[in-house]
Amino acid sequence: MSKVAHYLQEHLLGEVTTSIDARRYFSTDNSIFSLPPSIVVYPRNENDVRKTTRFAWQLAERGRVIPITARGWGTDMSGAAIGNGIMLVFPAHMNRIVELDQKTGVVVVEPGLNYGRLQQTLQTHERFLPPYPASIEFSSIGGAVANNASGEKSVKYGVTKDYVKGLRVVLANGEVIETRRLTKRELGKKMGLTTFEGEVYRSLDKLIEENRNSIDNSIKNIAKNAAGYNLADVKRRDGTFDLTPLFVGAQGTLGIISEITCETEAYNPETVLFAAFFDSIAAACSAVQELRALSQTPSAIEFVDGYLLDIVNQLNPNQLKQVLPHPIPSAALVVELDNTADRKRKKTIKQIHRILEKHATSYKEESTPAEQAALWKIRHASAALIAHSENQTKAIPIIDDGVVPLEKLDEFIGGIYTLFTANKLDVAIWGHAGDGNLHVQPYLDISQLGDRQKAFRLMDDFYDLVISLGGSTTGQYNDGRLRGPYLSRLYGDSVYGVLEQVKKIFDPHGILNPGVKIGITVDSVKPLLRNTYSLDHLYRHMPRS
Ligand SMILES: Cc1cc2nc3c(=O)[nH]c(=O)nc-3n(C[C@H](O)[C@H](O)[C@H](O)COP(=O)(O)OP(=O)(O)OC[C@H]3O[C@@H](n4cnc5c(N)ncnc54)[C@H](O)[C@@H]3O)c2cc1C
C-alpha cells in the first residue's frame with residue numbers, strides 16, 4: 001500500500017483500499033473507457049471527503065498531483081466516473097435522507113443515496129423528483145446532480161438543475177461551502193472573504209461580467225443541454241448569484257458534493273397513456289411538435305423508430321406481440337398525461353386525440369396500470385437492443401445523446417439514417433422526442449481495430465451533424481471523456497476558453513476529476529478505449545432505457 005493510502009487510512013473514518021479487485025471493479029463505468037484508480041476510499045462523512053481533498057491539495061502544492069474522482073453507482077455513459085487517482089465511493093456510507101419537509105416537499109440528502117430509494121420514500125409522501133433517469137433503480141442522486149440527469153418526464157417537468165436549490169460542496173482545497181441563490185448584498189459579503197471561497201466568488205463574478213455577451217450567445221434554442229458548465233444561470237440580471245447551477249452538471253470537476261437540497265413535485269400516479277403508430281418519421285415529428293405546443297404539456301413524449309421495433313421483434317417476438325400493429329410502423333410515440341385538474345385534463349385528452357387522428361395510422365389509449373405497462377414496453381424495448389450482443393459486437397454508447405431544436409427533429413433522424421447507411425451499420429433510434437433528445441447506439445466490436453477507428457469517425461460525423469442543426473452534443477449524459485473533446489467545436493474557441501477559466505478558478509492544481517470535460521482531445525482519450533465493451537455493472541440489475 002502506498003504512503004498516500006496509509007496516510008488516508010490513518011486519518012479517515014471510512015475504509016481505504018488498494019486491493020486489485022476493488023481497483024479493477026472501479027476501473028470502468030458504463031462508458032467505452034477504462035482507467036483503474038490507485039486508491040479506493042469509502043468516505044463515512046463529509047469530514048472524510050474534506051480531509052482527502054485537503055491532503056491532495058497539499059500534495060499538489062508540493063508538485064504531486066493525485067486526482068480525485070467522486071463516484072456514485074458508476075453508470076456514467078461518458079467516462080466521467082473513472083479516474084487514475086483516489087476514487088471516493090459515496091453509496092457505501094453517505095446514502096441517507098437527512099431531512100424531508102412534508103409541508104414543502106423539500107428534501108435534503110447525501111449524494112450516495114440510491115435514486116430509486118429516494119423516489120419510493122417521496123412517493124409515500126405523495127411527492128416525487130421528476131427528472132429521474134431511466135437508470136433510477138441503479139444510480140445515485142449525487143450522480144444525477146453531477147450529470148444534470150433527466151428523463152422521460154423532463155418534457156413537462158424540466159431537468160435536475162431545476163430542482164436543486166442548494167448544495168454543500170467540498171472545494172478543491174478541502175474548504176466546505178454551502179450554495180444557494182444569494183442577494184447582491186450577500187454576494188458582496190462572500191466576495192469579501194479572505195478564503196478560497198472568497199477567491200472563487202471574486203474570480204467567477206469578474207469572469208462572468210467580462211464575458212457576459214459570449215455566455216448569453218452560447219445559450220442554444222433547445223429543450224435541454226448538459227454540455228459544458230451552466231454559467232448562464234449563475235448571475236442573474238438582478239445581481240443575484242448562485243454557484244449551485246455550476247456544480248450541477250459539472251461531473252465532479254469543480255467540487256465534490258457532500259449534501260443536496262432539492263425541491264420536489266406533488267405526485268399523482270393517475271395518468272392517461274397513448275401509444276401511436278406512424279407510417280413515416282415526418283408524420284411522427286409533426287405530431288411531436290403539435291403535442292409539445294399544447295398548453296398542458298404531456299408528462300412524456302417518447303419515440304421509438306421502426307428499426308428498433310423490428311430488431312426487438314426479431315430478438316424477442318413475444319415482447320411486443322400484444323401491442324404492435326402489423327406491418328411494423330416507421331415510428332411509434334408513447335405519450336403520457338398526468339396530474340392535471342379534471343376539466344383541463346379532458347380538454348387536453350381531446351386535443352391529443354385530434355393530433356393523433358391527424359398524423360398517426362393508429363393509436364391506443366389506456367388508463368389502467370396493467371394496460372399502460374404493456375404500452376410502456378414499446379419504449380422500454382430499447383433495453384433489449386442495449387443488452388443484445390453477438391460475440392463481442394455490442395451496442396456502444398458513443399453517439400447516444402444528441403439534442404436538437406424540435407423543428408429539426410425530422411432532419412436529425414434523417415441525418416442519422418444517412419450516417420449509418422454510409423457506414424454500413426444497422427440503425428435504431430429511440431428517446432425523448434418531446435425534448436428533441438434521441439439515443440442511438442451502433443453495433444460495433446471494439447476489440448477490432450477497424451471498428452475502433454469507425455467508432456471515432458462516427459463520433460466526428462455525428463457531432464458535426466448535431467452542431468450543424470443548432471443542437472448540443474449531450475442533453476443528459478454529459479460530456480465526460482467522451483464528448484469533452486467536442487466542446488470547443490460546440491461552443492467555439494472563445495466560449496471554450498471561458499469554460500477553461502472556470503475550471504482553473506475552482507481547481508487550479510487539476511485535482512478534481514481531471515481529463516473530464518475540459519482539457520482533453522480525441523487523441524488523449526483513445527488509449528483509454530476498452531478492449532471489449534461490457535455491461536458488467538448493469539447485470540446486477542435489469543437495464544432499462
Ligand atoms: C441503462 C442506462 C440508462 C440510463 N438512462 C439515463 C437517463 O434516462 N437519463 C440520464 O440523465 N442518464 C441516464 N443514464 C446515465 C447515468 O445512469 C445517470 O447520469 C446517473 O444519474 C448517474 O448516476 P451514478 O450514481 O451512476 O453516477 P456515477 O456514474 O457514479 O457518476 C456520474 C458523475 O457524477 C460524478 N459524481 C458522483 N458523485 C458525486 C459527488 N458526490 N460529487 C461530485 N460529483 C459526483 C462522478 O464523478 C461522475 O462524473 C443511464 C445509464 C444507463 C447505464
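A: Happy to. Two residues count as in contact if their C-beta atoms, placed from the backbone, lie within 7 Å. Helices (H or I, at least four residues) and strands (E, at least two) are DSSP runs, numbered from the N terminus. The model is predicted, so please bear in mind that local features need pLDDT of at least 70 and side-chain atom pairs count only at pLDDT 80 or more, while totals for chains, interfaces and linings use all residues. Residues are numbered from 1 along each chain as its sequence is written.

Let us look closely at helix H20, residues 493-506. With 14 residues at 1.5 Å each, H20 should span 20 Å, and its end C-alpha atoms are 20 Å apart, which agrees; the expected span is 1.5 Å times one less than the number of residues. Leu499, Val502, Lys503 and Phe506 are buried in H20. Viewed down the axis, the buried residues of H20 fall within an arc of 95°, so they line one face of the helix; the arc is that of the directions from the helix axis to the C-beta atoms. An α-helix has 3.6 residues a turn, so residues three or four places apart point the same way. A residue is buried if 20 or more other C-beta atoms lie within 10 Å of its own, exposed if 12 or fewer, and partly exposed in between, with C-beta atoms placed from the backbone.

What lies on either side of this helix? The cover over the buried residues of H20 includes helix H8 (196-210) and helix H19 (487-491). On the face turned away from the buried side, H20 carries the exposed residues Asp493 and Ser494.

Now for the setting. The protein chain has 21 helices and 21 strands. Its radius of gyration is 23 Å, close to the 24 Å that the globule rule gives for 545 residues, so the chain is as compact as a globular protein of that length. That radius is taken over C-alpha atoms, and the rule is 2.2 Å times the number of residues to the power 0.38. The C-alpha atoms fill a box of roughly 70 × 55 × 45 Å along the principal axes, and 51% of the 545 residues count as buried. Among contacts between residues at least 6 apart in sequence, 74% join residues at least 24 apart.

For comparison, here is another helix. H12 (residues 306-315) has Gly306, Tyr307, Leu308, Leu309, Ile311 and Val312 as its buried residues. These pack against strand E13 (300-305), strand E14 (331-338), helix H15 (382-387) and E19.

E19 (residues 429-432) leads on to E20, which it joins through four bridges, running antiparallel; two strands pair if DSSP finds at least two bridges between them. Histidine 432 has asparagine 437 of E20 as its bridge partner. Four residues separate the strands of this hairpin, and glycine 436 in the turn has a positive phi of about 65°. E20 (residues 437-440) is covered on both faces, with Asn437 and His439 buried on one side and Leu438 and Val440 on the other. Strand E18 (residues 402-403) also pairs with E20, in the antiparallel sense over two bridges, and there valine 403 stands opposite asparagine 437.
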